[in-house]
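Subject: The structure you asked about

Hi there,

Here is the structure, ready for you to open next to your own notes.

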Amino acid sequence: MIQYSGSAPTGPTAALLGLALLPLLVLELAFYAILSLALLLYFAYPGHREKISQKAPAANETLDRLRAARQSGDPSRLSKLLQEVLTPDLAGALGDEALGDGAEELVDEVCDTLQACSISSKVTRSLRASFGESCLFLSGGGMLGMYHIGTVRRLLQEGLLPNQICGTSVGSIVGAFVATRTDDELHLELDSLEEWYRQMGPVQGPFPVQYWEVVVRVLWRGYIYDYMNQYRNQATFVSAGLTFAEAYARTGRTFTITCAPVTGGPVVLLNRHTSPNVLIASAICASSSMPMLVEAVRLLEKMPDGSVQLVSNCDGNPMGELMRDGTMLADSPCDQLEHMLNVRWSIISQVNPHVVPFSLPFVLAKRIGQFSSVYARILTRAEGQLRRFIWSTLHAFQAWTSFPKQGSWISQLLFQDYFGNVNIIHYNMRFRDYLRLIKNETSLEDFRKKAVAGAACTDEQLPRQRLRHKLEATLGSLEEATSNVRKTRPRRVAGRRGRA
């Protein structure tokens with residue numbers, strides 16, 4: 001049985017935090033409205049549009065250099081240029097503000113060059129390592145995480161679902177479902193969503209307590225929900241009773257779950273490399289243990305004889321400690337997975353209730369930028385600067401008021417980076433979804449509407465992912481081909497060479 005223990009912060013602290021952040025949100029939206037109006041007036045004059053449109057896109061310059069190197073026939077020059085071009089964002093061509101400026105033509109040229117030219121296996125491995133792997137990050141966010149299902153289903157339909165999946169809190173539930181099923185099984189179960197609704201609906205859902213009982217439970221026990229309901233139903237259903245190593249052997253997908261040790265320290269990443277024998281179901285419960293919601297949990301592992309026991313805490317093993325929600329430290333651990341698994345391209349499906357409102361200016365920049373590539377570049381840069389300004393304001397607010405306390409779970413929750421290379425921000429979430437953040441689904445029809453809405457937000461980010469996936473597939477097939485040639489090459493017989 002999973003063991004829980006720990007304390008939770010009081011309710012007034014969370015209420016004061018919400019009141020403190022509300023003026024900052026209004027400030028961000030007001031600043032962005034003024035900035036957008038100024039940019040619209042500035043670029044209303046034809047002279048400014050012509051001046052900026054005369055700038056040569058970076059993708060076209062790179063394309064010309066690549067074609068010249070290919071025509072020269074110099075292998076060393078071509079290899080050096082490919083290593084320069086094959087960065088995670090293709091030398092800026094896959095950047096959010098540069099897409100459309102010859103990016104598709106450049107990707108086709110790079111793929112043709114890789115397939116046509118003779119490149120050694122050493123150079124191929126170097127190019128693959130430099131380009132890196134893609135990873136789908138599924139954020140936390142309570143029942144808002146059901147929008148993740150639409151993202152997964154859309155990526156699966158397009159054949160763009162990465163082999164690296166990372167989930168936190170409710171994201172670990174959706175991620176475990178993906179990591180333990182083959183593509184055919186995913187297509188079958190995600191099309192109907194009936195079994196999903198049974199697990200998240202009013203009968204077997206993870207949040208059976210009525211709202212009037214919440215205050216009583218928090219004051220009496222320090223938390224609201226019991227973990228066993230989730231462990232028996234949702235965690236066991238999505239994980240199919242597998243460990244991280246067993247899931248990889250079944251589907252070929254590397255799945256990572258983030259947890260935060262109660263005693264402090266860095267975020268703990270659970271996957272087939274760090275914890276191959278840990279049960280995914282227990283890791284889901286640990287990653288979903290939000291303070292005041294569920295108590296902290298210890299992990300379970302499967303022994304060679306098939307028995308299950310608690311992970312030992314010998315030799316300073318952090319996985320043997322009490323764990324809680326990974327959102328506390330790293331909702332989307334992009335930097336950590338870059339060092340561990342060479343993940344250099346992050347696709348973040350974001351549903352966190354405290355992140356999505358702050359992302360509205362980011363979405364507004366996208367909307368305005370659709371009318372012109374010039375507007376897209378300028379507004380994206382301006383939005384990034386504004387976001388950094390608001391981030392600095394939050395840090396200054398913390399320094400002046402000492403609230404939230406530096407190092408506390410609230411401070412760690414706020415001051416982390418929630419954005420990646422591709423940001424699928426589910427801005428179409430409804431107000432009633434926020435009210436039912438920790439309540440079960442009410443109807444299958446409404447549940448399916450969430451999946452459709454999640455897919456709609458994903459559609460906006462598919463063009464860049466298609467280009468990135470095409471490059472990954474080309475590099476993967478090239479690396480496989482060169483490795484097969486190396487294996488089949490005859491080995492020289494050891495011994496003294498004969499004299500003529």
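Arg468 touches Pro88, Leu94, Phe131, Gly132, Glu133, Ser134 and Trp345, leaving aside residues up to four places away in sequence. Please keep in mind that this is a predicted model. Arg468 itself belongs to helix α21, which covers residues 462-488. Is Arg468 buried or exposed? Its relative accessible area is 0%, and the cut-off for buried is under 20%, so Arg468 counts as buried.

Ser134 has Trp345 as its bridge partner in β10. Strand β2 (residues 133-138) runs parallel to β10, and six bridges join them.

How enclosed is β10? Seven of its eight residues are buried, so the rest of the structure largely encloses this strand. As for β11 (residues 422-425), Val422 and Ile424 point one way while Asn423 and Ile425 point the other way, and all are buried.

Asn342 sits in the loop between α15 (334-341) and β10. Its phi is near 60 degrees, which is a positive value in a residue other than glycine. Asn342 counts as partly exposed, because its relative accessibility is 22%.

Leu90 also has a positive phi, of about 55 degrees, although it is not a glycine. You will find Leu90 in the loop between α4 and α5 (103-116). With a relative accessibility of 0%, Leu90 counts as buried.

Now to the helix packing. As a reminder, two packed helices are described by the angle between their axes and by the distance between the axes. Helix α4 (residues 75-85) and helix α6 (residues 121-131) have axes that come within 9 Å and cross at roughly 20 degrees. Angles under 35 degrees count as roughly parallel, and α4 and α6 are therefore roughly parallel to each other. The crossing of α4 past α6 is left-handed. Which residues of α4 and α6 meet? On the α4 side they are Ser79, Leu82 and Gln83, and on the α6 side Val123, Ser126, Leu127 and Ser130. By class, this contact of α4 with α6 has three nonpolar residues, four polar and no charged.

The other pair is α7 with α20. The axes of helix α7 (residues 147-157) and helix α20 (residues 444-459) come within 6 Å, with a crossing angle of roughly 55 degrees. That angle makes α7 oblique to α20. Here α7 passes α20 in a right-handed crossing. From α7, the contact draws on Tyr147, Ile149, Gly150, Thr151, Arg153, Arg154 and Leu155. From α20, it draws on Phe447, Lys450, Ala451, Val452, Ala453, Gly454, Ala455, Thr458 and Asp459. The residues in this contact of α7 with α20 divide into eight nonpolar, four polar and four charged.

Ser287 is buried, with a relative accessible area of 0%. What does Ser287 touch, not counting residues up to four places away in sequence? Its partners are Gly167, Thr168, Ser169, Ser172, Ile257, Thr258, Cys259, Arg324, Asp325 and Gly326.

Finally, the overall picture. The protein has 21 helices and eleven strands. Of its 500 residues, 50% count as buried. Among contacts with a separation of 6 or more, 80% come from residues 24 or more positions apart. The Arg468 site gives you examples to look at on screen, with Pro88 and Trp345 among the residues that Arg468 touches.

Best wishes

Terms used. Residues numbered from 1 in each chain as written. Predicted model: local features only at pLDDT ≥ 70, side-chain atom pairs only at ≥ 80, totals over all residues. Heavy atoms only, no water. Axes fitted to C-alpha atoms, helices over the stretch in contact; angles between N-to-C directions. Helix = DSSP H or I, 4+ residues; strand = E, 2+ residues; numbered from the N terminus. Parallel < 35°, antiparallel > 145°, perpendicular 65-115°, else oblique. Left-handed = near helix turned anticlockwise from the far one by under 90°. Contact = heavy atoms within 4.5 Å. Nonpolar A, V, L, I, M, F, W, Y, C, P; charged D, E, K, R; others polar. Buried < 20%, exposed > 50% of the residue type's maximum accessible area, 1.4 Å probe, protein only. Pairing = 2+ DSSP bridges.
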